[in-house]
Amino acid sequence: MRRPDQRKALDPFLVDGKKFTVLGKPLATGEGNCAIWVDEWLVVDLRLEKVDKLYDPMDKLEAFRFTNREKMKDLPFARLGALGDASSMVSTGCAGPTADYLVVQIDVDGQADGDVAERRKHIQDFTLDFVPKVKKALGCTA
């Protein structure tokens with residue numbers, strides 16, 4: 001069961017349906033993905049990767065991940081981030097027991113929440129809520 005704060009952050013991406021399914025490994029392991037489905041509809045895909053260097057989501061090699069990519073500014077943790085119409089990517093320091101850096105990729109259904117500006121705001125809000133929680137769960141000190 002999701003905690004109320006997690007539910008609120010995910011609500012903009014959840015469509016009406018009969019069956020809610022979560023597939024993948026717990027992200028607290030530090031790697032892997034978690035896919036959230038409503039009925040047969042993939043609504044949120046979360047990916048986490050431990051890496052040995054800080055990757056810049058604004059690098060030209062990362063452009064394929066986004067539609068209308070913009071740099072995320074004023075992030076409340078040590079980081080580099082980018083936001084698109086249906087995705088975000090954050091590369092952040094960890095300096096924890098299992099990783100020097102983390103890359104968090106969040107993709108949502110491109111039809112979620114109809115309005116692109118509103119969807120982008122919800123993606124950014126979810127990213128800013130989610131990444132610090134993952135870092136804490138992994139014991140990151142940076």
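**From a loop residue to the cores and strands**

Thr67 sits in the loop that links strand 3 (41–51) with strand 4 (70–71), where helices (H or I, at least four residues) and strands (E, at least two) are DSSP runs, numbered from the N terminus. The model is a predicted one, in which local features need pLDDT of at least 70 and side-chain atom pairs count only at pLDDT 80 or more, while totals for chains, interfaces and linings use all residues. Residues are numbered from 1 along each chain as its sequence is written, and side-chain values use heavy atoms, with hydrogens and water left out.

Thr67 counts as partly exposed because its relative accessibility is 49%; the scale calls a residue buried under 20% relative accessible area, exposed over 50%, and partly exposed in between (1.4 Å probe, protein chains only). Although Thr67 and Gly84 are 17 residues apart along the chain, their C-alpha atoms are separated by 5.3 Å. When neighbours within four places in sequence are left aside, Thr67 is in contact (heavy atoms within 4.5 Å) with Gly84, Asp85 and Arg120.

We turn next to the nonpolar cores. Such a core is a set of buried Ala, Val, Leu, Ile, Met, Phe, Trp, Tyr and Cys residues joined through side-chain atoms within 4.5 Å. The largest one has 28 residues, and those with the most contacts inside it are Val44, Leu46, Leu102, Ile106, Phe126 and Phe130. At least two residues of this core come from each of helix 1 (4–10), strand 2 (32–38), strand 3, strand 7 (101–108) and helix 2 (116–137), and helix 2 gives the most, with 5 residues. Phe126, if residues up to four places away in sequence are not counted, touches Ala9, Leu10, Phe13, Leu46 and Ile106. A second, separate core of 5 residues includes Phe66, Ala82, Met89 and Val103.

Strand 6 (residues 87–93) is largely enclosed by the rest of the structure, because 7 of its 7 residues are buried. Ser87, Met89, Ser91 and Gly93 point one way from strand 6, whereas Ser88, Val90 and Thr92 point the other way, and all are buried.

Strand 6 also has partners, and two strands are said to pair if DSSP finds at least two bridges between them. With strand 5 (residues 79–83), strand 6 pairs in the antiparallel sense over 5 bridges, and these two strands form a hairpin with 3 residues between them. Leu83 stands opposite Ser88 in strand 6. Strand 6 and strand 7 run antiparallel and are joined by 7 bridges, and the bridge partner of Ser87 in strand 7 is Asp107.
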